[in-house]
Amino acid sequence: MAIAGSILILGLALLSCVADGALRRHIGLSHRRGLIDGGGAGVTVFDVTQHGAKADDQTDNAEAFIQTWRAACDSGVPAKLVIPVGTFLTGPVVFQGPCKSTEPIVFEVQGNVKATSDLSEYSSGQWILFEIINGLTLNGGGAFDGQGVAVWKYNDCHQNKQCQPLPSSIKLSKVKNCDIHEISSFDSKYFHMHVTDCSNIWVHDVNLTAPANSPNTDGIHISNSDSVNVTSSQIGTGDDCISIGQGATNILVSQVFCGPGHGISVGSLGKYNNEEDVSGILVTNCTLLNTTNGLRIKTYAASQPSQALNITFKDITMDSVKNPIIIDQKYGSRKSEPSRVKISNVHYQNIKGTSTSNVAVSFLCSSLVPCEGVELVDIDLAYIGLKNMTLSGSCLNAKVTSGGTQNPTCH
């Protein structure tokens, strides 16, 4: 019995150690997503309706939202702001930190937040702005309705280079350690989500949608940010599902279903002076359906010098994509002066599916700074266009190595 008792005690001790280790790992993962996400003990709830917000689809709730945010942000305790079920209309609103609690603040949207459609109210480039916050969880299962249908007709950026962009739906600026999940955004006036000057951002299990013909409704645009992860989401828009702009580093895009839209893009780069380099991009395990582009890198001609390097696209499925693999260094212009954005160390691995154009791989690189270190491994694409044409690849000013299946080959 003594031996059996010792074995039992030892077994319980081992189980305790295993459980403790699992709990520590779980807490480590949970901290990434906000330990107070689930509204556990000690969390103080700040309901917008307690500060005058009305779910009547008529009242502009901007002031009530701001008052609720200030109460939660300044409370100094673990806090959760709640927008309950219902339709809450609001004009532009800024949720600004820093907040006093050391715990992430939770912003829980259960209902439908609806944008006003009078553009004269929007003096800046966004509708909902989260700014200067360290520790934020945005979730709740609700939706942001940008009401873009009412204003897309005023977007003339396709013909007016000096156009004033319409406001983005959700913007993160100078935000650190943020987890966004289980929300939807539809019919944004401009970008659904804009992440800039941020670090350690996780976006997962979101649904971003707008019609295929809606202008500049990028799903997520990332710029001047480090360590941004977009995973397990569905994005279908009138522009890029995800666009990775200047100054973006260490970006992961994984398990994203994209379509309709213009695909997943690095760029456009080189439009402005003194742009920061783009590096450390991994796009993996994604599916693109009926998009005009697949995996695209785009830079302007006659640009200032910068770099886009260390970019990997792997394990991607293309389904009826017009331009599955494309580098375009004359994007938006056919000026004779070449781009000075240097593209290097770009890897395409295990890209499979169907193309609706006969040129499935197209590299139009700069004659001044040719693309270097471009790798094509296991590319297997089939042409399903209407015309009886042979699938081909075109590689201009690009130093390309290849391995495994090559369909098409790149010349």
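Predicted model: local features only at pLDDT ≥ 70, side-chain atom pairs only at ≥ 80, totals over all residues.
Reader: Which residues of helix 2 are buried?

Author: Start with the general idea. An α-helix has 3.6 residues a turn, so residues three or four places apart point the same way. In helix 2, the buried residues are Ala-62, Ala-64, Phe-65, Thr-68, Trp-69, Ala-72 and Cys-73. Viewed down the axis of helix 2, these buried residues fall within an arc of 165°, so they line one face of the helix.

Reader: What span should helix 2 have, and how far apart are its end C-alpha atoms?

Author: Helix 2 covers residues 62–73, which is 12 residues, and at 1.5 Å a residue it should span 16 Å. Its end C-alpha atoms are 16 Å apart, so the two values agree.

Reader: How many cavities of 30 Å³ or more does the structure hold?

Author: The structure holds one. The space in the largest cavity is about 30 Å³.

Reader: Which residues line the largest cavity, and what classes do they belong to?

Author: The lining consists of Phe-65, Ile-83, Phe-95, Phe-107, Val-113, Ile-128, Phe-130 and Phe-144. By class, that lining has eight nonpolar residues, with no polar and no charged ones. Phe-65 is also among the buried residues of helix 2.

Reader: How many aromatic pairs are there in the whole structure?

Author: A search of the whole structure finds 12. To classify a pair, look at the angle between the ring planes: over 60 degrees counts as edge-to-face. For Tyr-300 and Tyr-331 the ring centres are 5.5 Å apart and the planes lie at 75°, so this pair is edge-to-face.

Reader: Where in the chain do Tyr-300 and Tyr-331 lie?

Author: Tyr-300 is in strand 20 (residues 295–300) and Tyr-331 is in strand 22 (residues 325–331). They are 31 residues apart, and the pair links distant parts of the chain.

Reader: Is Tyr-300 buried or exposed?

Author: Burial is read from relative accessible area, with buried meaning under 20%. Tyr-300 has 17%, so it is buried. Tyr-331, at 25% relative accessibility, counts as partly exposed.

Reader: Which residues form an aromatic cluster?

Author: Trp-69, Phe-95, Phe-107 and Phe-130 form one. Trp-69 is one of the buried residues of helix 2, while Phe-95, Phe-107 and Phe-130 are among the residues lining the largest cavity.

Reader: How far apart are Ser-233 and His-181 in sequence and in space?

Author: Sequence separation and spatial distance are read separately. Ser-233 and His-181 are 52 residues apart in sequence, and their C-alpha atoms are 9.1 Å apart in space. Ser-233 lies in strand 15 (residues 226–236) and is buried, with a relative accessible area of 3%.

Key
Residues numbered from 1 in each chain as written. Heavy atoms only, no water. 1 Å grid on protein atoms, 1.4 Å probe; cavity = no way out; pocket = protein on both sides within 12 Å on 5 of 7 lines; lining within 4 Å. Points joined across faces, edges and corners; volume = space filled by probe spheres on them. Nonpolar A, V, L, I, M, F, W, Y, C, P; charged D, E, K, R; others polar. Helix = DSSP H or I, 4+ residues; strand = E, 2+ residues; numbered from the N terminus. Expected span 1.5 Å × (residues − 1). Buried < 20%, exposed > 50% of the residue type's maximum accessible area, 1.4 Å probe, protein only. Arc of directions from axis to C-beta. Phe/Tyr/Trp six-rings, centres within 6.5 Å; stacked < 30°, edge-to-face > 60°.
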